[in-house]
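Me: Hey, can you walk me through this one? I'll ask things as they come up.

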Amino acid sequence: MAASASLTSSATEEELTLTVKWSGKEYAVRVCGDDSVAGLKRRICELTNVLPKRQKLLYPKISNKLADDSAFLSQLPLKSSLKMTMIG
């Protein structure tokens, strides 16, 4: 039973809820650290219907790294409740 509690807490630490601002609205996007930027863009597409190839995510500290769809979110300095802006 203790092992399962340990697994749950480590999975929770890797899960992030990011806020994406687009077209005057804010969208809460849930992702995991092992997701790629492409996975993040697919989830944003599900919420906004903006195709991933048209999305440009802006966040001053990591904007150039968000352009690389193959980068894993765990490699970026993301925090839960982070707010970023999308153009697309």
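Me: Is Asp-35 buried or exposed?
Reply: Asp-35 is buried, at a relative accessible area of 15%. Buried means under 20% relative accessible area, exposed means over 50%, and partly exposed is in between, using a 1.4 Å probe and protein chains only.

Me: What kind of model is this, by the way?
Reply: It's a predicted model, where local features need pLDDT of at least 70, side-chain atom pairs count only at pLDDT 80 or more, and totals for chains, interfaces and linings use all residues. Residues are numbered from 1 along each chain as its sequence is written, and side-chain values use heavy atoms, with hydrogens and water left out.

Me: Ok, so where does Asp-35 sit?
Reply: Asp-35 is in the loop between β2 (25–32) and α2 (37–48). Those labels come from DSSP runs, numbered from the N terminus: helices are H or I with at least four residues, strands are E with at least two.

Me: And which residues does Asp-35 contact?
Reply: Skipping neighbours within four places in sequence, Asp-35 is in contact with Arg-43, Ala-71, Phe-72 and Leu-73. Contact here means heavy atoms within 4.5 Å. Also, a polar atom of the Asp-35 side chain lies 3.0 Å from the backbone nitrogen of Cys-32.

Me: Switching topic: in what order do the strands line up in the sheet?
Reply: The order is β2-β1-β4-β3, an open sheet of 4 strands with mixed pairing. Two strands pair if DSSP finds at least two bridges between them.

Me: How do β1 and β2 run?
Reply: β1 and β2 run antiparallel, joined by 8 bridges. Trp-22 stands opposite Lys-25 in β2. The two strands form a hairpin with 2 residues between them, and Ser-23 in the turn has a positive phi of about 55°.

Me: What about β3 and β4?
Reply: Also antiparallel: 3 bridges join β3 to β4 (residues 83–87). Leu-58 has Thr-85 in β4 as its bridge partner.

Me: Which strands does α2 lie across?
Reply: α2 lies across β1 (15–22), β2, β3 and β4, at about 140° to β2. Those angles run from 0 to 180 degrees between N-to-C directions, with axes fitted to C-alpha atoms, for helices over the stretch in contact.

Me: Last one: what pattern does the chain follow?
Reply: Along the sequence it's α-β-β-α-β-α-β.

Technical notes
Polar contact = N/O pair within 3.5 Å; in protein donor to acceptor, adjacent residues only side chain to side chain.
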